[in-house]
Amino acid sequence: MYSLKYREFKLYDKYNNLTLAPWSLTVDSENNILAGTHANGLYKISDETISKINSKYFEGTTIWSLKRDSKNRIWAGIDSGIVKYQNGKFEFYNPSASFD
């Protein structure tokens, strides 16, 4: 990825000896990059720091899509459904449930 701050390309491919294989990217309300990976969950990239976003919904799961909506909620499409992340809380929507 290209860093506008440092005006250079930076390779973000490792976290604690795990190879990151991003499938989806979005930017959160604080301009951090969120990277959904193949079978390794969700990561936040902020300047030079990579941190894992821990949630039982993301463990061992591929995050196929990420989207920030107009209310700054992050929506993640995962193997088993959809996860909404807002104000530090996760909510899971399963495909057989209806949306209200």
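Colleague: To begin with R73 and D69: are they buried or exposed?
Modeller: Both R73 and D69 are buried. Buried means under 20% relative accessible area, exposed over 50%, and partly exposed in between, with a 1.4 Å probe and protein chains only.

Colleague: What kind of model is this, and how are residues numbered?
Modeller: This is a predicted model, in which local features need pLDDT of at least 70 and side-chain atom pairs count only at pLDDT 80 or more, while totals for chains, interfaces and linings use all residues. Residues are numbered from 1 along each chain as its sequence is written, and side-chain values use heavy atoms, with hydrogens and water left out.

Colleague: What does R73 form with D69?
Modeller: R73 forms a salt bridge with D69, and their closest N and O atoms are 2.7 Å apart. A salt bridge here is a side-chain nitrogen of Lys or Arg within 4 Å of a carboxyl oxygen of Asp or Glu.

Colleague: How many salt bridges does the structure hold?
Modeller: The structure holds three. One of them joins the side chains of E91 and K84, at 3.4 Å from N to O. K84 is buried, with a relative accessible area of 12%, whereas E91 is partly exposed at 37%. Another salt bridge links K52 and E59, at 3.7 Å from N to O.

Colleague: Turning to the sheet, in what order do the four strands lie?
Modeller: The order is β9-β10-β11-β12, in an open sheet with antiparallel pairing. Strands are DSSP runs of E, at least two residues long, numbered from the N terminus; two strands pair if DSSP finds at least two bridges between them.

Colleague: Which strands are at the edges?
Modeller: β9 (63-68) and β12 (89-93) are the edge strands, each pairing on one side only.

Colleague: How many bridges join β11 to β12?
Modeller: Five bridges join β12 to β11, which covers residues 81-86. Within this pairing, I82 stands opposite Y93 and Y85 stands opposite F90. The two strands form a hairpin with two residues between them, and N87 in the turn has a positive phi of about 50°.

Colleague: What about the largest nonpolar core: which residues make it up?
Modeller: The core has 10 residues in all, among them L34, L66, I74 and V83. A nonpolar core is a set of buried Ala, Val, Leu, Ile, Met, Phe, Trp, Tyr and Cys residues joined through side-chain atoms within 4.5 Å. β10 gives the largest share of this core, three residues.
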